[in-house]
Amino acid sequence: MAENELTGSEKKAVKQEVLIQLIVFRLGSEEYGIRIEQVKEVTVTPEVARMPKTPAFVKGIANLRGDIIAVIDLEERFGLRRAGGALPELSFTMAVEANDYTIGIIVREVPQPLSVPVSAIDKAPEFIQDMNIHDKYIEGIARVEGRIIIVLDMLKLLTPTEIMQLQPKAASSPRAARRKA
Amino acid sequence: MKSREQEYREIFMAEALEYYDAMSRHISELEKNPADAPALNELFRLMHNLKANARAMGYADIGEVAHRMETIFGLIRDKEKTFSGSMVPVLFTGVDKIGEMIRAVGESRELPSVATLVNNLDLLVKGEEPVLGEEEEVDADEDANRKLELSDLVYIQIKKLDHLLNLVGELIIDRDRILTLSQEIGSPALQTAATHLFRIADELQYSVMDARLVNVGSLFNKFPRVVRDVATAEQKDVELTISGEDIQIDRNILQIITDALLHLVRNAIGHGIETPEDRVKAGKPAQGKLALSAQTERDDVLIQVTDDGKGIDVESVRRKAVERGLVSAEAAGLLDPGAVRAFLFEPGFSMAKEVTEISGRGVGLDVVKLAIDSLGGQLRVESVLGQGTTFTLVLPTSIAVKGALLFELEESSYAIPLMHTDLVVALWPDDLHVVGGMLLAHVFGDNIPVVPLRALLHGSEDGPLPAANKEDITGRQNIIIVNYNNRRLGLIVDRFLRQQDIVIKPMSKPLDMIDLFGGVTLLGNGQVCLVLDVPALTRLFLAKRP
């Protein structure tokens, strides 16, 4: 889907501009965006219970209207935390829908909706893609009135193995329990 | 509460009325097309089922009529007779009489006499002409005052009950929340309403749980055939006894243990019970005994599979466990037979063919164990060499609510299912000893390894736990002793909170990848509380012990 839009913008033949709606939020000093249809709701961060055996950027689990969801901190995940920039007392959580589950993403400020013409989104250069990650989760870079917004593809970012970095499973699996003879 | 017998009768009634409706329909079809094979087959089947049910319930007359009708429909089906002539009114009368008798059962009236009908049916079977009386000729009149009735029972998809149960689970969580809030706010009116809500929700929960209960017999009764088939294939002579069929349990739990029970029964016949010759040689009766039984114990249901076969050879299991590196030779020598038998449930243990042959057991027992674990139940095995083996499945009656112990660790609340909790103790450092880098507590004559839960949950990802050091332990230690697969383990926690019934919600993705937690529950104050999975925790400890 993304590919089609990008080739469309490259041709620049489209006169009637197609707009896409983004939810824009700040991580570190940059602005990021997610397509609005991937965001279920935005709320003041509820009480988060820490969960052992998860990577540090997984803040824990929270009760969001009866759904228990994992809450993650993308600043920490991307290594964007400014010096001494712990999360403020009052933060916000975007409930984002991945393929078959919902996950919470903590942000510092209230995320804002923004309409962006498709032509304003350029494909991200290869080299800024995180080398460690196989799926390319940066959909593109939007330039709007002097702002630069990194558009993330949540479906690619939020695969279970990607989030969990696949580390905790082995420790307590039955296979690992068998001692080396 | 209704008596069991009355419940059976209602079920009989509902089925019988359904059969009767279907019979009336099919016999009318048959009248239009006397060679209608599907209708004939159905009539034959319906008569057969009705006969069996009626006889089981002790309604001999219904059984007699249905039996004869079945015979006649069988003859028509096999083209030995045709549905024509005087047979037609007699069979119609037969169906009507069946309806009449079923209604009489429903109204607890005396059943009408069926002597003439039975006589006529007998004559038909013999190929003689029936004696047609008034009954067969006044069809029209009877039609006029025939009553139409709907069954008192509703068949419902288990899926719908599952949904209902999930909703009730949510309701219970909100109920506790509202009750807590009402106490905080302190408005008497709100508190009264909350208390009322509490009671109603409680009753609703038990009603839904009750609606999901089925008799263990509904599963047990499939086993006589299984046992017969397996015994024939294995050339064993086995007598099966079944008891406790009317113990009730959640339908989904019964579903989940179906394969496990099948497995245990097959194993008992295949590997437990010896061939008749071997049994005679061993001084036992040639016929082996296998028993399936169910009983309730407190809130749990115990299902046992007992055979009088050759039993489990603890010594060969012990040797095998050492060979497979599950335990060191020195440690193995100290284990009691119960702990040794627990190795049978180790994943992979059963994979070795030799073990199966030597010990006679072990094919896929880990699978059985996993099924029971998933229900939060326990699997136990007792065996006397040469005398037989008993497997005991300890199952919760219902999956909705579980008793749990709540405790605090590093300012977070956790729950641990009572099913896996043996006891809770507070020990002083003097009561704990360091043996081989591991803390040991001597509790009620048993040496139990103890580990700070903090180290298990928050410790480094790789490598064993740091060796225990007496100096690190100061003050009173709150210890929960958990038990999984006959292994006891003490967990040091910060603070005990309370015991409470909890509704466990499955862990949502992607966090379900961490198997240390069996799920989450919401506490009355809205807090999210992780539920520890004792089997996974025990495995983690075994993998990481210093």
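These legends walk through a few close-up views of the structure.

The model is predicted: local features need pLDDT of at least 70, side-chain atom pairs count only at pLDDT 80 or more, and totals for chains, interfaces and linings use all residues. Residues are numbered from 1 along each chain as its sequence is written, chains are lettered from A and ligands numbered from 1 in the order in which they are written, and side-chain values use heavy atoms, with hydrogens and water left out.

View 1. Chain A has 6 helices and 12 strands; helices (H or I, at least four residues) and strands (E, at least two) are DSSP runs, numbered from the N terminus. Of the 181 residues in chain A, 49% are buried, where buried means under 20% relative accessible area (1.4 Å probe, protein chains only). Here 6 strands line up as an open sheet with mixed pairing, in the order β3-β7-β8-β6-β5-β4; two strands pair if DSSP finds at least two bridges between them. At the edges sit β3 (39-44) and β4 (48-49) of chain A, each pairing on one side only. β4(A) runs antiparallel to β5 (residues 58-64) of chain A, joined by 2 bridges, and A:Ala49 has A:Ile61 as its bridge partner in β5(A).

**View 2. Helices α2 and α3 of chain B.** Look at helix α2 (residues 37-57) and helix α3 (residues 60-77) of chain B: their axes come within 8 Å and cross at roughly 155°. Axes are lines fitted to C-alpha atoms, for helices over the stretch in contact, and angles run from 0 to 180 degrees between N-to-C directions. That angle makes α2(B) roughly antiparallel to α3(B); angles under 35 degrees count as roughly parallel, over 145 as roughly antiparallel, 65 to 115 as roughly perpendicular and the rest as oblique. Among the residues that meet are B:Leu40, B:Phe44 and B:Met47 in α2(B) and B:Ile62, B:Met69 and B:Phe73 in α3(B). By class, this contact of α2(B) with α3(B) has 11 nonpolar, 5 polar and 5 charged residues. Ala, Val, Leu, Ile, Met, Phe, Trp, Tyr, Cys and Pro count as nonpolar, Asp, Glu, Lys and Arg as charged, and the others, Gly among them, as polar.

**View 3. Helices α4 and α5 of chain B.** Helix α4 (residues 87-106) and helix α5 (residues 115-126) of chain B pack at about 140°, with their axes 10 Å apart. So α4(B) is oblique to α5(B). The α4(B) side of the contact includes B:Met87, B:Val90 and B:Leu91, and the α5(B) side includes B:Leu117 and B:Leu121. Its makeup is 6 nonpolar, 3 polar and 1 charged residues.

View 4. Is B:His26 buried or exposed? This residue of helix α1 (residues 4-32) of chain B is buried, with a relative accessible area of 9%. Leaving aside neighbours within four places in sequence, B:His26 is in contact with B:Ala39, B:Glu42, B:Leu43 and B:Leu46; contact means heavy atoms within 4.5 Å.

**View 5. Two hairpins in chain B.** Strands β11 (residues 432-435) and β12 (residues 438-443) of chain B pair antiparallel over 4 bridges. They form a hairpin with 2 residues between them, and B:Gly436 in the turn has a positive phi of about 60°. Next, β12(B) runs antiparallel to β13 (residues 446-452) of chain B, with 5 bridges. This hairpin has 2 residues between its strands, and B:Phe444 in the turn has a positive phi of about 45°. B:Leu439 stands opposite B:Val434 and also opposite B:Val450 in β13(B).

Terms used: Buried means under 20% relative accessible area, exposed over 50%, partly exposed in between (1.4 Å probe, protein chains only).
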